[in-house]
Amino acid sequence: MNQSDLLFLVLFLITLTTLVVFVVQFVRSRRRGGGEDDGRAGWWEGPWDDDDRRR
């Protein structure tokens, strides 16, 4: 196994891990999404979104 093969393996594992994390986060936010009032809430929503609801 040379340096090029090792680099390919590391990049492949990083890409695969990132993809798995995004899929898990998406599935968790969809499963949890039934209880919110406007349907926009998810893992990407921050505390700054609360300001618009108070007006």
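In which helix is S29 found? The residue S29 lies in helix α1, where helices (H or I, at least four residues) and strands (E, at least two) are DSSP runs numbered from the N terminus. The model is a predicted one, in which local features need pLDDT of at least 70 and side-chain atom pairs count only at pLDDT 80 or more, whereas totals for chains, interfaces and linings use all residues. Residues are numbered from 1 along each chain as its sequence is written, and side-chain values use heavy atoms, with hydrogens and water left out.

The chain contains two helices and zero strands. Of its 55 residues, 9% count as buried (buried means under 20% relative accessible area, exposed over 50%, partly exposed in between, with a 1.4 Å probe and protein chains only).

The structure holds one aromatic pair. Its members are F8 and F12, which are stacked, with 6.3 Å from centre to centre and 20° between the planes. Rings of Phe, Tyr and Trp (its six-membered ring) pair if their centres lie within 6.5 Å, and planes under 30 degrees apart count as stacked, over 60 as edge-to-face and the rest as tilted. F8 and F12 are separated by about one helical turn because they are four residues apart in helix α1 (residues 3–32). F8 is exposed, at 62% relative accessible area, while F12 is partly exposed, at 45%.
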